[in-house]
Amino acid sequence: MSDTTQRPGDAPTASTGKSSMTKRGGGDPGGRGKTTIADGVVEKIAGLAARDVDGVHAMGSGLSRTFGAVRDRVPGGGTKSVSRGVKAEVGEVQTALDLEIVVEYGVSIADTARDVRENVINAVERMTGLEVVEVNIAVSDVKLPDEEDEEPESRLQ
């Protein structure tokens, strides 16, 4: 008769198919260490998600958009700020957002704000794993059809 008892350190046997050796460090590798997400990361995600909603013409107040347009035209001024008009407060497991938007004339502001809130929450929670506790939206202006556009903001397609 053969001995089928497995001792610590033994290789798995055909009869048990298991090893009694434990993994180094113990536990799930995904739980070793800490992940932090910067406010700017959440702001960029939220800014892109908000701009993707129909009815949103631009982000930020008129003054911030004007300064941004000037900065974008200066050589070496950098790319457009996708986080313009977005402020995030990020904790360890939750985040809160404040957005300032300009809507197009004729759209329902309430519906647009609801759609922005929903799109931002879905994008931030999916990409970061953080719980979005609130999304405050301030509508700072309405883009009229006959107004000149100082710098149209591109929409992701």
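A polar contact is a pair of N or O atoms within 3.5 Å, where, within protein, one atom must be able to donate a hydrogen and the other to accept it, and residues adjacent in sequence count only if both atoms are side-chain atoms. In this sense the side chain of Thr 128 reaches the backbone nitrogen of Leu 130 at 3.1 Å. The model is predicted, so that local features need pLDDT of at least 70 and side-chain atom pairs count only at pLDDT 80 or more, while totals for chains, interfaces and linings use all residues. Residues are numbered from 1 along each chain as its sequence is written, and side-chain values use heavy atoms, with hydrogens and water left out.

**Thr 128**

- Thr 128 lies in helix α3, where helices (H or I, at least four residues) and strands (E, at least two) are DSSP runs numbered from the N terminus.
- A polar atom of the Thr 128 side chain lies 2.5 Å from the backbone oxygen of Val 124.
- With a relative accessibility of 16%, Thr 128 counts as buried (buried means under 20% relative accessible area, exposed over 50%, and partly exposed in between, with a 1.4 Å probe and protein chains only).
- Not counting residues up to four places away in sequence, Thr 128 touches Ile 37, Val 42 and Ile 45, a contact being heavy atoms within 4.5 Å.

**Nonpolar core**

- The largest nonpolar core has 23 residues, such a core being a set of buried Ala, Val, Leu, Ile, Met, Phe, Trp, Tyr and Cys residues joined through side-chain atoms within 4.5 Å.
- Leu 97, Leu 99, Val 116, Val 120 and Val 124 are the residues with the most contacts inside this core, to which α1 (39-51), β1 (56-59), β2 (86-90), β3 (94-104), α3 (109-128) and β4 (131-143) each supply at least two residues.
- Leaving aside neighbours within four places in sequence, Leu 97 is in contact with a set of residues that includes Val 42, Ala 46, Val 86, Val 120, Val 124, Val 132 and Val 135, and also Lys 87, Glu 134 and Asn 136.

**Salt bridges**

- The structure holds two salt bridges, each defined as a side-chain nitrogen of Lys or Arg within 4 Å of a carboxyl oxygen of Asp or Glu.
- Arg 114 meets Asp 111 at 3.1 Å, N to O, and both residues lie in helix α3, three residues apart, about one turn of the helix.
- Arg 114 is partly exposed at 44% relative accessibility, as are Asp 111 at 36% and Asp 115 at 33%.
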